[in-house]
Amino acid sequence: MGTILLAVEGVNVRLSGSLSAVEEFKIIIESVLSLPSSLVHYKDSTSSSPSLPRFLVKIKKELIGMGMPSADPSLAPSPAQHISPEDLHSMLTSSTSDVVLLDTRNDYELKMGTFKSAHHFDISTFRDFPASAKSSPLPKSDKIVMFCTGGIRCEKAAFAMEAAGYPSSSLYQLDGGILNYFEKVSPDASRETYEGGCFVFDDRVVVDVEGKTVKGVRVCFRCRWPLSGGEVEAMGGEDRVIKCEKCGEEDMLNCEGRKRKRNY
Ligand SMILES: [Zn+2]
């Protein structure tokens, strides 16, 4: 199962299957796209059950919509310098650290975990990132390290930061994102710098610093806002239709409205 997104700026493939089937598919992808394996970056993790429900191939204008046509990684490389997870970890744990971390992800992802010292723009969609970068209070002289789930969004976010006046010489992006950090930095070391897990866009919902699925997390069936195991428990457990507080309240209001209608 999986999703393949094809765009001029690149290809994004998410696959879920047995190890041998996934490995076989990787070879097919590289041969169909005529890409050397050095240009294809994989982030593997294990799960006890299939994490994607269907197989889809989509042709898209942008791999990840930011609504800024000039930010096209296929025309120019990201203006930010890549930084490895190991180097970022050393920087963050150094007593002389002068790094400002910027989470480029959305509010519902942040809820399930992020780097302890990370700043964010409090956005609910990546399309708001360019405008938020323009009004960002982060000083232009800061050394900013951006990060996201797998490193793809930062390829674009860097253009938005540069357009907002942040000099490319002080912009960095975490290579391979949080998932690569979890892979390359040991779980104990990751816990020093990172709080919680990483939201992923499949049925696992959240993975921890060991790359394992965090049990009990569900998403609101209406808006896909993630709910922790404790929150799900408080709502009566996994067997119920799970709705976040906001959607629950909206339903209540709708019910009230219907009741009023009936009474008059
Ligand atoms: Zn909801």
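Is Asp 203 buried, partly exposed or exposed? In this predicted model, Asp 203 is partly exposed. Its C-beta atom has 15 others within 10 Å. A residue counts as buried only at 20 or more such neighbours and as exposed at 12 or fewer, so a count of 15 places Asp 203 in between.

Asp 203 lies in a loop. Strand S11 (198-199) stands on one side of this loop and strand S12 (206-207) on the other. The contacts of Asp 203 beyond its neighbours within four places in sequence are Ser 51, Leu 52 and Pro 53. For Ser 51, the separation along the sequence is 152 residues. In space, the C-alpha atoms of Asp 203 and Ser 51 are 4.7 Å apart.

The protein chain is divided into three parts: domain 1 (2-59), domain 2 (81-207) and domain 3 (228-263). Between domain 1 and domain 2, the centres over C-alpha atoms are separated by 24 Å. Ten residues from domain 1 and ten residues from domain 2 make up the contact. On the domain 1 side, six of the residues are polar, two are nonpolar and two are charged.

Strand S1 (residues 2-7) and strand S2 (residues 10-15) run antiparallel and are joined by six bridges. Together S1 and S2 form a hairpin, with two residues between them. Ala 7 has Gly 10 in S2 as its bridge partner.

A second open sheet contains five strands, in the order S4-S9-S8-S5-S7. Here the pairing is parallel. The edges are taken by strand S4 (81-83) and strand S7 (119-120). Each of these has a single partner strand, so one side of each is left without a neighbour in the sheet. Helix H5 (residues 152-163) packs on this sheet and touches S8 and strand S9 (171-174). The directions of H5 and S9 make an angle of about 165°. Within the sheet, five bridges link strand S5 (residues 99-103) and strand S8 (residues 143-147) in the parallel sense. Val 99 stands opposite Lys 143 of S8.

Helix H6 (residues 177-184) is largely enclosed by the rest of the structure, because six of its eight residues are buried. The buried residues are Gly 177, Ile 178, Leu 179, Asn 180, Tyr 181 and Phe 182. Their packing partners include two strands of the parallel sheet, S8 and S9. The buried residues also pack against helix H2 (85-93), helix H7 (187-193) and S11.

An unreviewed UniProt entry annotates residues 95-190 as "domain: Rhodanese". Over residues 95-190, the chain is 35% helix and 20% strand. The end C-alpha atoms of that stretch are 17 Å apart.

Note on methods: Residues numbered from 1 in each chain as written. Predicted model: local features only at pLDDT ≥ 70, side-chain atom pairs only at ≥ 80, totals over all residues. Pairing = 2+ DSSP bridges. Helix = DSSP H or I, 4+ residues; strand = E, 2+ residues; numbered from the N terminus. Contact = placed C-beta atoms within 7 Å. Axes fitted to C-alpha atoms, helices over the stretch in contact; angles between N-to-C directions. Domains from an automatic or database assignment. Nonpolar A, V, L, I, M, F, W, Y, C, P; charged D, E, K, R; others polar. UniProt positions renumbered as here; feature names shortened; annotations may be inferred.
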